[in-house]
Amino acid sequence: MPEEALWSTFFDAGQALRKLWPQAGGDALELGCGYGTFTFAAARRTDGLITTLDIEPAMVALVRARATELGLPNIQAQVRDFVADGFGIAPGSQSHVMIYNLLHMDEPVRLLRHARHVLRSEGTVSVMHWRSDTPTPRGPPMDIRPSAEMCATWLAQAGFTQIEPVDLGDCCPFHYGLAARTAAEA
């Protein structure tokens, strides 16, 4: 992660979440909190609990402290290697899952299936990643960045429906976004 001051210049998290999670409400899960850029914006959009998981204890401690400073009691930050150990979240308990800047990892479909598993019926997932069609000031190497089309394919393979691109050009110009739903129960 770059310094926080630089990192914050890449995103308008509030505007991005208005686009990626327009019908905010209920509990949500964020995979990887970093500095809390999206954690705090999400917590302001819902009265539900925002659970955020990160492998870095220092990032989790920072988010916990800032949540207290900002008066956001609906944030639960946990140290967890969710790739190795799973999410530790009850099945069907979340209304939304945020997966930002992660799908260049090994086994992205497996991660997306875990996300679908914790979502309630007709829950939503939002995906954001560094653009793969043009150089950006940060992000993983270009040769491992997935395209939006590849992420959409992975979402479909994981069982998501209504997969839609989300234009983030005015709030996160170095990123693309996708939103998808779980299928309604029959």
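## Helix α6 and His114

His114 is located in helix α6, residues 108-118; helices are DSSP runs of H or I of at least four residues and strands are runs of E of at least two, numbered from the N terminus. This is a predicted model, in which local features need pLDDT of at least 70 and side-chain atom pairs count only at pLDDT 80 or more, while totals for chains, interfaces and linings use all residues. Residues are numbered from 1 along each chain as its sequence is written, and side-chain values use heavy atoms, with hydrogens and water left out.

With a relative accessibility of 32%, His114 counts as partly exposed (buried is under 20% relative accessible area, exposed over 50% and partly exposed in between, with a 1.4 Å probe and protein chains only). The buried residues of α6 are Pro108, Val109, Leu111, Leu112, Ala115 and Val118. These buried residues pack against β1 (28-31), α5 (82-85), β4, β5 and α7 (148-157), where contact means heavy atoms within 4.5 Å.

## The largest cavity

On a 1 Å grid over the protein atoms alone, a cavity is a set of points where a 1.4 Å probe fits but cannot get out, a pocket is an open set with protein on both sides within 12 Å along at least five of seven lines, and lining residues have an atom within 4 Å of a point.

The volume of the largest cavity is about 40 Å³, taken as the space filled by probe spheres set on grid points that are joined across faces, edges and corners. Its lining has 4 nonpolar, 1 polar and 3 charged residues; Ala, Val, Leu, Ile, Met, Phe, Trp, Tyr, Cys and Pro count as nonpolar, Asp, Glu, Lys and Arg as charged, and the others, Gly among them, as polar.

## The second largest pocket

The C-alpha atoms of His114 and Gln23 are 22 Å apart. Gln23 belongs to the lining of the second largest pocket, where Trp21, Pro22, Gln23, Thr124 and Arg181 lie nearest the centre among 18 lining residues. This pocket holds about 270 Å³ of space.

Strand β5 supplies the largest share of the pocket lining, 4 residues. By class, the lining comprises 7 nonpolar, 6 polar and 5 charged residues.

## Nonpolar cores

The largest nonpolar core has 32 residues, of which Phe38, Ile75 and Leu168 touch the most other members. Such a core is a set of buried Ala, Val, Leu, Ile, Met, Phe, Trp, Tyr and Cys residues joined through side-chain atoms within 4.5 Å. Helix α3 contributes the largest share of this core, 5 residues.

Leaving aside residues up to four places away in sequence, Phe38 touches Phe11, Ala13, Ala16, Leu17, Glu30, Tyr100 and Met128. A second, separate core of 26 residues includes Val97, Leu112, Val125 and Phe160.

## Salt bridges

The structure holds 2 salt bridges, each defined by a side-chain nitrogen of Lys or Arg within 4 Å of a carboxyl oxygen of Asp or Glu. One joins Asp170 and Lys19, at 2.6 Å from N to O. Asp170 lies in the loop between β6 and β7 and Lys19 in helix α2, so this pair ties together parts 151 residues apart in sequence. Asp170 is exposed at 57%, whereas Lys19 is partly exposed at 25%.

Arg131 pairs with Asp133, their closest N and O atoms being 2.9 Å apart. Arg131 is partly exposed at 27% relative accessibility, and Asp133 is exposed at 60%.
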